[in-house]
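Grab the model and work through these exercises. Each one has a task, then a solution in steps.

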Amino acid sequence: MADGKWRRAGGAVIRVIAVWAVSTLTMLALAGILPDFRLQSEDGDTTTRTAFTAAWGAGAFGLLSALVWPVLVRALLIVPALVLGALVFFLNGSLLLIALSLIPDGRGDAAPETAVVVAAVMSAVASATSTAFAVRDDEAYRRRLSRLAYRRRRGGRANAGGPGREGPPGTVFLQLDGVGHNVLVEAAAAGLMPTVAAWLADSSGHRLTPWRTDWSSQTGASQLAILHGSNHDVPAFRWYEKETRTLMVSSRPASALEMQRRAIERTRDGGLLTVDGASRGNLFSGGAGELALVLSMAARRGKGRRSRAGYFAYFSDPANATRTALSFVAEVAREIGQSTRARARRTAPRIKRGGLYPFIRAFATVVERDVVVAAVLGDMFAGRTAVYADLVAYDEVAHHSGPHSRDAEKVLERLDRSLALIARIADHTPRAYRIVLLSDHGQSSGETFAGAYGLTLKDLVRAGCGLPVPRRAQRTRSASEARDAVRIALHRPVEGQEDEHTAKPSDPIVLASGNLGLISFPDIEGRASREQIDRRHPALLSTLANHPGIGFLLVRSEEHGSVVLGPGGAEVPVAELTDGEGPLAVFGAGAARAVRRTDTFPHVADVMVNSMYDPGTGAVHAFEEQIGSHGGLGGEQSRPFLLWPRGLSDPLDIMAAEAAEAAEAAEAAEAAEKGETAGAPAAQGGGLVGAEAVHRVLTRWLQESSGPQVPVGAEDFAGAGPVDEPFPPAPPAARVPAAEAADAIGPPLPGGPGNPAPDARGTTA
């Protein structure tokens with residue numbers, strides 16, 4: 001406690017000295033510019049003497065402003081506002097003249113009209129400097145937000161929790177994008193994340209468990225399921241849809257909007273946040289009424305719909321702008337220094353981090369973090385029932401520096417400070433809040449495929465097809481969500497691999513999602529079979545399956561159904577896959593289930609390619625320019641975490657109850673389809689399996705405190721497809737009408753029902 005007081009006192013002294021120094025420099029500059037303002041005797045003075053005079057004058061003016069100005073303002077409250085506005089400049093100038101008169105030997109002098117100008121400039125500079133220091137202090141920032149919230153509540157805003165923090169608690173879900181279970185545990189143990197460590201150490205605090213992702217271990221698939229209950233037919237971060245000749249990319253607003261529409265249509269549920277929810281910094285809305293920086297809403301028109309609305313709300317406050325601008329510049333400098341040090345030390349593996357990347361990193365680690373955290377704090381002060389926010393800082397840095405790098409550890413430290421700020425704010429909000437921490441996937445490290453073997457997956461596919469291959473391996477563009485968010489914030493269209501066009505209709509389209517590759521033959525209708533591929537390109541599948549950088553392939557066989565191919569001629573039908581055996585042996589528990597489930601997707605690629613995985617080192621080979629990657633199977637990328645307050649039900653108990661209910665229903669009905677049972681809640685191999693299971697857990701937690709979330713009624717989806725089972729009717733006041741749901745998610749992408757398909761867009765081999 002005493003150390004904290006001395007630290008705060010020391011910080012205050014440093015701020016005062018800094019403001020004094022800046023004010024002195026400002027006064028010296030103005031004395032050199034303005035003819036009627038001097039800080040020297042008529043005979044002239046030395047530079048040191050002049051600087052001393054400026055320091056004296058700046059100090060005197062600062063003291064008078066601090067001591068006299070509040071008294072003057074209170075005395076002039078009876079003066080009309082217009083008159084007071086004019087008096088402010090006169091009184092400020094008068095204080096400066098008094099301060100100059102206090103300088104020894106009469107060395108300070110200014111004309112009255114010049115004094116008004118000098119006083120105004122110095123006050124503005126001193127205020128900006130003081131604000132810059134204060135707002136970078138999280139405690140000062142917290143106090144400032146508390147005052148703003150208090151004034152807002154006094155102005156008549158609703159208090160969701162009632163007086164005295166009564167009523168059910170709200171829930172804040174904070175997603176630490178890309179932070180794996182092991183990374184979190186190690187960071188807490190090493191003291192990098194003291195807030196998380198305190199939660200884990202407290203016997204009445206939080207509990208932690210890992211969970212397993214689906215085969216597609218990336219934000220698009222995981223967050224869609226977490227927020228909307230289904231990631232069916234999301235085979236990767238990007239995939240090609242033959243029937244509409246469309247490339248779907250999770251970080252494109254149009255694709256995200258269509259993914260969200262499909263999930264709502266499949267589940268008949270508006271989302272996790274349908275009831276009094278807020279979605280901040282996410283790919284999808286979750287059905288929330290309050291949105292900021294939500295990618296799926298970025299292309300929507302109208303007030304409050306556009307993703308950039310969150311930036312305007314945040315930066316309309318000058319203090320926020322100052323705080324973030326200073327941190328942004330510092331982060332750019334930090335990245336340049338860290339990348340330079342990595343090159344000097346010849347750190348391996350390493351990728352290029354020049355060009356615009358330092359600014360993209362600063363945007364993800366500073367701008368998005370500050371905007372999202374401020375939005376969450378505002379939601380808590382407003383008393384919202386459920387808030388879900390995504391903090392992408394770690395994921396962006398780990399892609400380029402590595403998930404266990406010192407650069408990434410520094411980001412974890414700063415994220416922990418944001419968590420601490422949110423936890424402290426929770427003590428001052430109108431209702432109590434439970435904070436749930438989770439991640440959507442982890443990251444696995446390793447040299448890129450191109451770095452290890454001198455050619456990209458696209459080059460390897462072309463070679464296997466007998467097509468020309470460039471002499472030098474070309475970079476495969478990284479799937480950076482932060483990069484696309486920057487383009488959206490700057491009103492620029494999102495670009496990506498979809499900008500490349502097929503040279504010939506027969507050329508395969510090769511896409512990369514971390515260490516997961518997808519190969520499609522656009523001129524073959526439907527899912528191409530192994531036999532069709534072998535007839536056209538006899539060497540392709542064997543070339544891929546036997547390459548040392550590739551772990552296994554998934555392809556459909558006309559004779560045996562879907563099969564998994566591995567090195568040395570290994571071939572296992574998908575129906576016979578088991579964990580720990582065959583080509584999937586090294587990929588651990590749950591790999592067979594994940595592959596079987598993806599194989600049922602309508603838009604699974606003709607050939608699915610998973611890179612090698614070394615269980616000894618945890619290394620994979622990303623098919624993109626990333627030394628920390630996720631998107632496929634292998635290592636920590638498939639093992640995110642869930643951290644929850646102990647007062648909530650244990651996720652494993654929830655899953656066990658669901659599994660028992662599902663088993664009873666299956667025995668009674670005996671009508672479950674194989675494609676559906678692949679995604680059933682049964683905990684194959686134990687633990688929490690699949691992002692859809694996480695959605696059910698989070699939904700259960702919201703029900704435990706605030707009552708059930710409301711599904712969209714089956715009749716609201718009349719004409720959307722067959723309804724297998726009726727949904728229970730919802731209270732009329734809480735229903736989500738079909739018209740509102742359609743307005744929230746918009747029309748289907750071009751190429752859907754009633755929409756003509758555009759020309760093919762995609763990366764070609």
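**Exercise 1. Find the largest nonpolar core of this predicted model and the residues with the most contacts inside it.**

Step 1: Join buried Ala, Val, Leu, Ile, Met, Phe, Trp, Tyr and Cys residues through side-chain atoms within 4.5 Å, where buried means under 20% relative accessible area with a 1.4 Å probe, protein chains only (exposed is over 50%, partly exposed is in between). The largest set that comes out has 69 residues.

Step 2: Ask which element gives the largest share: helix α24 (residues 691-706), with 7 residues. Helices here are DSSP runs of H or I, at least four residues, and strands are E runs of at least two, numbered from the N terminus.

Step 3: Look around W701. Leaving out residues up to four places away in sequence, W701 touches R434, V436, L642, W644, L648, S649, P651 and I654, a contact being heavy atoms within 4.5 Å.

Step 4: Apart from this core there's another one, of 44 residues, including V373, L377, L419 and I422.

Some bookkeeping: residues are numbered from 1 along each chain as its sequence is written, and side-chain values use heavy atoms, with hydrogens and water left out. As the model is predicted, local features need pLDDT of at least 70 and side-chain atom pairs count only at pLDDT 80 or more, while totals for chains, interfaces and linings use all residues.

**Exercise 2. Work out how α14 packs on α15.**

Step 1: Check burial of α14 (residues 393-401): 9 of its 9 residues are buried.

Step 2: Get the geometry from lines fitted to C-alpha atoms over the stretch in contact, with angles from 0 to 180 degrees between N-to-C directions. For α14 and α15 (residues 406-425), the angle is about 175° and the axes are 9 Å apart.

Step 3: Classify it. That angle makes α14 roughly antiparallel to α15, the cut-off being over 145 degrees.

Step 4: List the partners. A393, Y394, V397 and S401 of α14 meet D407, A408, V411, L412 and L415 of α15.

Step 5: Between the two, look at the backbone just after α14, where G402 has a positive phi of about 105°.

**Exercise 3. Where is confidence lowest, and where is it highest?**

Step 1: Start with the chain average, a pLDDT (the predictor's confidence in each residue, 0 to 100) of 79, with 73% of residues at 70 or above.

Step 2: Go by element: helix α25 (residues 738-745) is lowest at a mean of 34, and strand β17 (residues 607-611) is highest at 97.

How values were computed. Angles under 35 degrees count as roughly parallel, over 145 as roughly antiparallel, 65 to 115 as roughly perpendicular and the rest as oblique.
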